[in-house]
Amino acid sequence: MTDSSAHQPMIAADGLPLKKSLARSLRREKTRALLLIAPLLVFVLLTFIFPIGSMLFRSVENEIVSNILPRTVVELENWDATSGELPDEAVFAAFVADFVVAVEEKNHTRLGSRLNYESSGMSSLFRKSGRKVAKWNPETDGPFKEKLIKTDKGWGDPETWAIIKTHSGKYTNGYFLNAVDMQRTQNGIEAQPESKQILIKLFLRTVKMSLIITASCILLGYPVAWILANLPSRSANLLMILVLLPFWTSLLVRTSAWKVMLQNQGVINDTLVWLGLVSNDARLEIINNQFGTIVAMTHILLPFMILPMYSVMQTIPPTYLRAAKSLGATNWIAFWRVYFPQSIPGIGAGSILVFILAIGYYITPEIVGGTEGVFISNRIAYHISSSLNWGLAAALGAILLVVVLVLYWAYDKIVGIDNVKLG
Amino acid sequence: MALDTSTDAFVKFDRVQKSYDGETLVVKDLNLEMPKGEFLTMLGPSGSGKTTCLMMLAGFETATHGDILLDGISINNIPPHKRGIGMVFQNYALFPHMTIAENLAFPLEVRKIGKSEREAKVKRALDMVEMGAFGGRRPAQLSGGQQQRIALARALVFEPELVLMDEPLGALDKQLREKMQFEITNLAHNLGITVVYVTHDQTEALTMSDRVAVFNDGRIQQLAAPDVLYEEPENSFVAQFIGENNTLEGVVREIQNGRALVQLDSGDLIDCKPVNVSAPGQRTRVSIRPERVEFHKERLSPDAHLLKAEVMEFIYMGDIFRTRLKVAGNDEFIIKSRNAPDQVRLQPGETIEIGWLAEDCRALDA
């Protein structure tokens, strides 16, 4: 090898640079590998990435106002919403023109419900006016200002027009503001009225209860995992089946079973009354509140804690404990100083799994949570299926996603994600 | 070293038995006495009970029957952490989440020794195994031999009088193993500690120990100094297990003046030293070391019985020649001869006559 070869690229036998040769020879393999994973890639893209992306987009998308009322939105630009006066005739004329088209296409109720999220009453205002305005001819029947106000007093309120103007942008942060108990008004961003502030409380409750559930899972799961890892494999397998049994029963069945156990006339209360520990007229309230949710969810998520702990503990040879004892450590010190630190990766993996599952849990809090024990996901479900405020649901979901990512990042900073092992 | 210490043995196994399942005994009636400062090796094939004995001494297993005494006190009911016995484990068992220095400080911490004294002792122990510069590393960053030294230092840092070692060199390569054998014995003798060492490697046992206890089938087959064990095995198991060995089977014809005349199954007669045989007519297994077989007739006594042998294979091993013969129907008969300028290299197919001194040929149990 000459001196100059150190600076020049290596040449393969065919005279091409080595890098190029290597890339060429690997191309076939890479193409084949890509083809092999292509079905999965397409599946994930279509069924996971794309729906989530579109859902997240919904949390800021707001084209409905400018699509249904294009002329009104343009005219409203010249009106000062803070003046306290009604917009002029041009705005009303543009609005009627837009509104007649909207009624024809049956879009006005959709717009009504959208604006109803911002101020209640908007939905009925749009629906009622729709019937009357449909008969008007926007070309000849003007002027419309007085006429429209006559159909409904709502149109004589500058507030109504302020709301339309405030929410006329193609994109909005309104849903996100709503999601954190704020709102967008013509005067800028304000807190929601006290009576409507519920979501922040729900977020905090969800995080708090998820932490409690994770902690209970650690406390209950650690000894079980330890026994599993230290039993001879025959008995360990039997016990493992018991741990996995809940996985083979429907989630709904398990949750309903807790309802039977915990309710006022349920197994636990009956037993306590029979034992005389609790008097018949003071039965314990252990369901339809936070306690019920924590108990049921701890039970349901326990296997997710035990399995990673177990697989990590299995890799810790018993000689470490023996070595510690031979060096003079008591059982407790040997456990605490030698065994426990080595089992932390399992606790970490289990905690992340349980916490992330818990924070987005829906069914169990819905069934046993009552009003005090529901999670943010129950609110998201409500907005998806009942109030049909998908934008707010999407914003809540996005915030939940960010919260999980932030906590994950914090965990990485504090404990280190390398310190998570599934076995 | 005085081996007759029955009155003040430092470690004593007194009629110890151990069973795991209540049906079979893993250790059968073990009696063993060790004086202070002795290096004793428990040698045996796997499943012979040697590791169980070590674990009972360490306190990780309880004796089903019998007493284990340490310095005259029964330790049957003393938990492992109060026995004050140092132990080196097979895979070192260095705590992976602690640095080397923390590993060494651990036994001192649990003994509540002050920080400055602790640091001084850790440093001294590290220097002792020539690992002074490695205190800040983690076990995973060390090579096998280095981990071995640290495990040794950790077992010694709290100055125990008795140290147990469970196949500590098993995971090392041959060269390193030989070096460590030497270092461990030196260290043990310099510190004057008593060592119980478990291995299945007979070379290790012979080179390191003051005495070796050969285990088989839950019993000590022979407890003796290495040279005695090699040259005067008391039964055919020990003869087979320690070193290379040739066996021939036959029947005792007569015993006279410390000599036994044995007729081999092939009909040939040989002279032996009777060890486990007492009367004519007994079946016996005759044991002879490969290096004690002679085929230069002039070096044998004129009245020695000779056997015909056919050369099967000649292996050149550098320092020695290893020749496989067929003798009295046994074609696994090995002889070893030193590679000297005048040494004969036997050719396969050649027929020779071999013989030996009667003392080197031991008539053992059949």
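1. Among contacts in chain B between residues at least 6 apart in sequence, what percentage join residues at least 24 apart? The figure is 65%. For chain A, with contacts again taken between residues at least 6 apart in sequence, 67% join residues at least 24 apart. Please keep in mind as you read on that this is a predicted model.

2. Let us start with the make-up of chain A. Chain A contains 19 helices and 2 strands. Its radius of gyration is 31 Å, well over the 22 Å that the globule rule gives for 423 residues, so chain A is more spread out than a compact globule. Of the 423 residues in chain A, 32% count as buried.

3. Chain A also comes in parts. The assignment divides chain A into domain 1 (11-58), domain 2 (63-168) and domain 3 (199-419). Between the C-alpha centres of domain 1 of chain A and domain 2 of chain A there are 52 Å.

4. One residue of chain A is a handy landmark. Where does A:T140 lie? You will find A:T140 in the loop between α6 (122-133) and α7 (145-151) of chain A. Is A:T140 buried or exposed? It counts as exposed, because A:T140 has 6 C-beta neighbours inside 10 Å, and the cut-off for exposed is 12 or fewer. If you then look for A:L277, 137 residues apart from A:T140 along the chain, you will find that 82 Å separate the C-alpha atoms of the two.

5. Now for chain B. Here there are 8 helices and 19 strands. Taken along the principal axes, the C-alpha atoms of chain B fill a box of roughly 75 × 50 × 35 Å. Of the 366 residues of chain B, 40% count as buried.

6. How is chain B divided into domains? There is a domain 1 (11-236) and a domain 2 (244-365). The C-alpha centres of these two domains of chain B lie 39 Å apart. Where the domains touch, 4 residues of domain 1 of chain B are in contact with 8 residues of domain 2 of chain B. The side that domain 1 of chain B contributes divides into 1 nonpolar, 2 polar and 1 charged residue.

7. The two chains meet as well. In this interface, 18 residues of chain B are in contact with 14 residues of chain A. On the chain B side, the largest share is 3 residues, from helix α2 (residues 100-110) of chain B. By class, the side of chain B that touches chain A has 13 nonpolar, 3 polar and 2 charged residues.

8. Finally, have a look at the nonpolar cores. The largest has 103 residues, and those with the most contacts inside it are B:A153, B:L164, B:V195, B:A213, B:V214 and B:A363. Which helix gives the most to this core? That is helix α4 (residues 144-156) of chain B, with 6 residues. A second, separate core has 50 residues, among them A:C217, A:A225, A:V374 and A:L400.

Key:
Residues are numbered from 1 along each chain as its sequence is written. Chains are lettered from A and ligands numbered from 1 in the order in which they are written. This is a predicted model: local features need pLDDT of at least 70, side-chain atom pairs count only at pLDDT 80 or more; totals for chains, interfaces and linings use all residues. Helices (H or I, at least four residues) and strands (E, at least two) are DSSP runs, numbered from the N terminus. The radius of gyration is taken over C-alpha atoms; the globule rule is 2.2 Å times the number of residues to the power 0.38. A residue is buried if 20 or more other C-beta atoms lie within 10 Å of its own, exposed if 12 or fewer, and partly exposed in between; C-beta atoms are placed from the backbone. Two residues are in contact if their C-beta atoms, placed from the backbone, lie within 7 Å. Domain bounds come from an automatic or database domain assignment. Ala, Val, Leu, Ile, Met, Phe, Trp, Tyr, Cys and Pro count as nonpolar, Asp, Glu, Lys and Arg as charged, and the others, Gly among them, as polar. A nonpolar core is a set of buried Ala, Val, Leu, Ile, Met, Phe, Trp, Tyr and Cys residues joined through C-beta atoms within 7 Å.
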